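Keep the structure open beside you as you read.

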Amino acid sequence: MSDWHKTACSLCYLNCGLEVQLDGRAITRIRGDKEHPRSAGYLCQKAQRLTWLGNHGDRLTTPLRRLPDGGHEPIDWDTALREIAAKLHQVRDADTEAGRPGSFGYVGGGGQGNHSGGGYGTALMKWMNATRYFNALSQEKTGDFWVNGKMFGSQTCHTAEGIEECDLLLVIGCNPWLAHGFSNARHALNDIKNNPDRKMIVVDPRRTETADVAELHLPLRPGTDAYLLAAILAMIIQRDGVDGEFLAARTEGYPEVAAALREVPVDEWIAHTELDLADVERAVDMILAAKAMTVRVELGIQQGRHSTLNSYLEKLLYLLTGNFGREGTNNLHSWLVPLIGQSRGKRSEITGYEYIGGLLPSNTMAEEILAEHPNRIRVLWVESSNPANTYADTTSVERAIRECELAVVVDVAYTETAALADYVLPAASQHEKWEFTLFNMEWPTNYFQIRRPLFDPLPDTLVEAEIYARLFDALGVLPSTDALAALTQIARTDRAQLLPAAGALMKDKPELATIASVLLYRTLGAALEETHPGAASMAPLWAGCHRAAAAMTVPVQRALDSTAVGAALGEELFARILDSPSGTRFTVHTYDEVWDLVKRERIQLAVPELLSWLGTLDPAAEQVNPAYPFSLINGQRRSHNANQILRAPAWRRSDPDGALRARAADLASVGVDPGDWAAVITPVGRIVVRAEADESLRPMQLALPHGYGMSYPDGHGGRVTNGPRINLITDATDRDPIAGTPHHKDTPVRLEPATAAERTTAERDSQRVRETIHTPS
């Protein structure tokens with residue numbers, strides 16, 4: 001029996017600590033890491049199939065160049081990087097000569113559990129004098145970030161939940177039993193279920209597994225969350241249930257908020273949600289009786305109708321009731337390295353959408369490329385992402401990628417996006433390199449983990465840091481070999497002088513400031529290799545550790561049990577993180593220190609744009625379209641689906657077809673039997689799916705899972721698509737007016753039986769997928 005090796009899960013942003021056993025290049029056994037300081041041995045059902053991440057038939061093992069017929073041919077690294085560098089120089093020079101912003105678009109910044117490449121990819125974007133940056137966060141979370149900026153003073157302020165300590169957990173638009181989203185989710189939910197002093201309310205159209213263990217379930221009509229939340233807030237004000245002392249001491253703008261909420265027609269809006277007024281009143285009773293309430297939300301409202309407004313109203317719920325800044329309530333949390341930046345109102349000149357956290361909406365990427373505009377995107381660089389499958393309106397996204405003057409993909413797999421690219425650069429997988437977790441969202445103690453490699457990289461694949469370093473070398477941007485060697489020696493002997501020495505180089509060559517991460521990789525990284533072989537790509541974390549130690553000295557000292565200050569504390573933090581295979585604490589806060597993380601004197605309750613939006617809500621304007629009478633959950637979490645880094649169909653123990661779920665009566669109403677094939681239709685497109693009965697859904701509500709629709713080798717020289725490619729039917733323009741996030745959780749659709757030809761094709765493809773499950777990769 002082989003030894004147990006420490007790593008972490010990468011199938012959701014909790015990144016729970018794991019231990020694995022290996023047989024060659026295969027993970028054979030997985031268990032929770034009891035030494036992980038946060039997850040402490042917790043293991044969910046998905047992590048047990050993680051072996052499928054790196055071993056499958058779509059792994060890339062050589063650079064590829066597009067052929068005139070649309071296929072790809074293998075080429076060597078030097079040729080690929082030389083040709084790409086020549087084209088990048090050509091585009092950059094043309095932009096400079098024309099006096100226009102960089103026509104380079106970047107998709108990525110690291111994928112789920114695969115974050116180390118992001119700092120190097122964004123360096124390329126900056127060197128190209130470009131700003132257009134898209135990733136999964138701008139498909140899901142930017143409305144929430146925008147609201148945080150307005151209320152707490154910075155878009156990097158982000159809330160955490162006091163799940164373990166609360167006496168009331170309010171869950172809105174998520175199903176932690178399957179999707180997790182907070183530490184040891186099933187244990188925490190069971191504790192609430194079994195403790196008579198603790199309660200839970202679930203707001204969700206579907207009777208989820210989480211709703212099954214709740215004290216109260218509010219199965220509202222899809223798309224009406226804003227109406228319900230506003231009505232609850234109005235009822236709290238009517239009952240004088242706000243925490244006046246908290247509001248006076250810590251906030252401003254309450255009179256404007258109260259005035260807007262007093263205008264809410266409570267009965268009418270609750271009727272629009274199709275809930276019983278008595279159930280909503282009971283929810284208000286529970287909220288007002290709670291000593292410590294925490295609110296947990298997710299994509300159910302962040303990709304639902306009125307998503308940015310929803311994010312505002314859910315924050316008002318805990319702020320108006322004073323459930324902030326205390327144990328068991330919502331709080332802000334620290335970052336070692338923030339996931340996003342702080343944007344200040346800059347807008348796209350093509351779509352008019354605002355940059356939020358440095359990001360543009362993913363839904364607008366195709367428009368930024370296809371627009372008849374002199375400053376459109378001409379070069380698309382995609383890293384650890386698959387927009388051809390994951391962005392709305394697949395047809396437009398595919399067309400946009402094809403029309404770029406240059407499209408490059410950096411990934412571990414031959415994805416749908418890679419199949420359209422001009423060049424494909426093969427990266428080492430998450431298990432073949434030093435990598436780190438980045439979704440560090442805990443309060444009052446926060447954690448960070450560097451995962452060490454389980455396997456050697458496949459031949460002719462490179463870690464992202466090396467790919468970008470070689471590219472910058474081909475671009476002629478890197479300093480001389482002698483200058484890099486001198487910086488490396490400083491990194492070995494006197495790290496405190498490393499940044500000043502690098503700054504001197506940047507003074508002579510200002511463009512080096514855009515590639516600071518690559519300079520750290522080539523210098524500090526080279527020094528790290530001597531003590532931690534393979535860890536060079538972790539070098540940029542050194543700067544993050546020093547920033548954290550300077551900004552949060554006392555919380556970092558507590559986490560490390562240290563008395564060090566200044567640079568010594570930053571070095572100690574970096575060493576601790578580097579040498580803690582199970583992860584380590586990096587901050588420990590006291591509850592009063594949450595106010596050090598708020599970037600305003602007082603929390604701003606009144607956000608004029610959102611109060612105005614609230615005043616325009618009208619149930620009469622939001623009735624069902626009879627041509628598309630069903631509401632589709634477009635991207636449901638299930639037991640064995642995950643993000644698209646797991647391409648092999650064999651990893652799923654259940655639901656191999658990615659079935660459409662609906663109530664049996666709703667299937668029967670359109671002439672579809674469970675197990676049969678049905679067509680799901682929108683104004684944008686039509687897909688054929690396997691139907692399955694599920695009585696947990698509301699009437700006229702359908703659900704399709706995310707993480708399907710990927711093309712995969714069929715074992716006979718061809719390829720087959722595994723499950724529904726759902727973004728063939730989504731409309732990129734059906735999106736939030738502020739953040740541009742899609743309304744995926746309430747997509748109007750029509751359902752009808754598949755045609756005979758569609759059934760034949762779907763059944764054949766389903767059988768081919770099942771055959772691949774029994775065929776070795």
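**Notes on the predicted model**

1. Let's begin with a helix. In this predicted model, the buried residues of α23 are L541, W542, A543, G544, C545, A548 and A549. C545 counts as buried because its relative accessibility is 1%. Helix α23 covers residues 540–551, and its twelve residues should span 16 Å at 1.5 Å a residue; the end C-alpha atoms are 17 Å apart, which agrees.

2. Next, the cysteines. The structure holds zero disulfides. For C44, the nearest cysteine sulfur belongs to C9 and is 5.9 Å away, so C44 is in no disulfide, given that a disulfide needs sulfur atoms within 2.5 Å. C44 counts as buried, at 15% relative accessibility.

3. Now look for the open sheet. Seven strands make it up, in the order β5-β4-β17-β16-β15-β6-β7, with mixed pairing. At the edges stand β5 (72–74) and β7 (132–134); each has a single partner strand, so one side of each lacks a neighbour in the sheet. From one strand to the next, the twist averages 15°.

4. Strand β4 (residues 64–66) and β5 run antiparallel and are joined by three bridges. R65 has E73, in β5, as its bridge partner. Helix α2 (residues 118–127) packs on the sheet, where it touches β6 (104–107), β7 and β15 (379–383); its direction makes about 170° with that of β6. Helix α18 (residues 464–474) also packs on the sheet, touching β6, β15, β16 (406–411) and β17 (423–426), and its direction makes about 150° with that of β15.

5. On to charged pairs: the count comes to 57 salt bridges. One of them joins the side chains of R282 and E215, at 3.3 Å from N to O. R282 lies in helix α12 (residues 277–289) and E215 in the loop between α7 (209–212) and β11 (216–218), so the pair ties together parts 67 residues apart in sequence. R282 is partly exposed, at 35%, and E215 is partly exposed, at 38%.

6. Another salt bridge links R770 and D657, whose closest N and O atoms are 3.1 Å apart. R770 sits in helix α29 (residues 756–773) and D657 in the loop between β23 (630–636) and β24 (660–662), 113 residues apart. R770 is partly exposed, at 28%, whereas D657 is buried, at 11%.

7. Which residue forms a salt bridge with D765? The partner is R768, with the closest N and O atoms 3.4 Å apart. Both lie in helix α29, three residues apart, so about one helical turn separates them. D765 is buried, while R768 is partly exposed.

Definitions and conventions. Residues numbered from 1 in each chain as written. Predicted model: local features only at pLDDT ≥ 70, side-chain atom pairs only at ≥ 80, totals over all residues. Heavy atoms only, no water. Buried < 20%, exposed > 50% of the residue type's maximum accessible area, 1.4 Å probe, protein only. Helix = DSSP H or I, 4+ residues; strand = E, 2+ residues; numbered from the N terminus. Expected span 1.5 Å × (residues − 1). Pairing = 2+ DSSP bridges. Axes fitted to C-alpha atoms, helices over the stretch in contact; angles between N-to-C directions. Contact = heavy atoms within 4.5 Å. Salt bridge = Lys/Arg side-chain N within 4 Å of Asp/Glu carboxyl O.
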